[in-house]
Amino acid sequence: MIVPIQITSRTVAPLTEERDPFSLSPSVAQDRLGAMFQQEQMYCPSRPPECTKKPKLSSVSMFKNLKKKQRQRNTMPWSTSRIFKIDDSCRLKMSEWSYKIVDFLPANREIVAVAFNYIDRFCNRVMIDSEFEYKLLCTTSLYIALKVHNRRTIRATTLSVLSQSEILPEDVLMMECVIMKELSYHLCPPTCSSFIGTFSIFIRQVPLIVKEYAVQRALFLGELSIVESFFSDIPESLVAFSAILNAFEVVGYGQYSTSFLTFIAEMECIFNLKYNSRDIQKIRSKLTSLYQRSAHFDTIFARGNIHHSSFYSKDCRNSGCHEVLTRGVSPNQFIGDISEL
């Protein structure tokens, strides 16, 4: 059964208060991308821990204490008859909830990508064997990402209210220490959105309105990539490059346009990103499938069969169609049970 993805795009303030990335020179953008590629290798979820493959004893003991306290409280039915497995339905529910929290604050949606980088890296080091542990991990990761990358954060007590007191404030604060120690305090990963913004500097001879729409669409595809575990071990640069290729083909600047061919040549020459590689084609296909499952696709294209090329027109941008299903959350909109999906 295909689960529709209830995520839609929204324009928010940049993660950092920098100038417009379109105004950067290609030489500065190239230097920035070089640094981001080096960071990407360090922050890749599939990369083993720096010092040893064994997890740190301090963080593991703290995590075990959390498990013991939760079982003693017995605030939720613990299932011993089945083994909990983190699948795409769990990831989908928590990513949708995270986007709603970020939109409600408001904060930049890129923070959700940062939080899920923490989640993927932590899961590759520590075993998660219950729904409570996974919800606590996701909730605390978002809490940390907001504290590090946003001026306005959310209190641990508020997160406890959103979980109907299943997660207590002290659980969040202790889990915060566990996560940061396990990740060696590396909390600033390059995201798909940051790669898209910098890659776009190399796209020339394209009308500004078309370029802005295509970049926004690529950013939305990057947001969608968070909901599937398929993308968790794929470098963000490859996802960003694939999202840009898909977005620009939609607006009519496909593989036969001069600007598109120039962009592909520069990406291959400078950054060794090959347009026709098997990995890129697989990622592009997966992004297309994700978009067709999204609520945004159902709203815009299923009703009236609107053509892709008309989607970036002024009337469509002003119609509010980007915000159909993103209305934020209130304190009475709880996380819920992952198993309900």
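## A helix under cover

Helix 8 is mostly covered, with 6 of its 8 residues buried. Here helices (H or I, at least four residues) are DSSP runs numbered from the N terminus, and buried means under 20% relative accessible area, exposed over 50% and partly exposed in between, using a 1.4 Å probe and protein chains only. The buried ones are C192, F195, I196, G197, T198 and F199. Helix 1, helix 9, helix 10 and helix 11 are among what covers them.

Bear in mind that this is a predicted model, where local features need pLDDT of at least 70, side-chain atom pairs count only at pLDDT 80 or more, and totals for chains, interfaces and linings use all residues. Residues are numbered from 1 along each chain as its sequence is written, and side-chain values use heavy atoms, leaving out hydrogens and water.

## The nonpolar cores

The largest nonpolar core has 49 residues, and I196, F199 and F248 have the most contacts inside it. A nonpolar core, by the way, is a set of buried Ala, Val, Leu, Ile, Met, Phe, Trp, Tyr and Cys residues joined through side-chain atoms within 4.5 Å. At least two residues of this core come from each of helix 1 (26-43), helix 8 (192-199), helix 9 (208-224), helix 10 (236-250), helix 11 (258-271) and helix 12 (278-293).

What does I196 touch, leaving aside its neighbours within four places in sequence? The list is V215, A218, L219, A240, A243 and I244, with contact meaning heavy atoms within 4.5 Å. Apart from this core lies another, of 43 residues, including F122, Y134, A145 and V172.

## Charged pairs

The whole structure holds 9 salt bridges, each a side-chain nitrogen of Lys or Arg within 4 Å of a carboxyl oxygen of Asp or Glu. In one of them, E166 pairs with K135, with the closest N and O atoms 3.3 Å apart. E166 sits in the loop between helix 6 (156-162) and helix 7 (169-182), while K135 is in helix 5 (residues 131-149), 31 residues apart. Both E166 and K135 are buried.

R204 and E266 form another salt bridge, at 2.7 Å between the closest N and O atoms. R204 lies in the loop between helix 8 and helix 9 and E266 in helix 11, so this pair ties together parts 62 residues apart in sequence. R204 is partly exposed, at 35% relative accessible area. Finally, D103, R109 and E223 are linked in a network of salt bridges.
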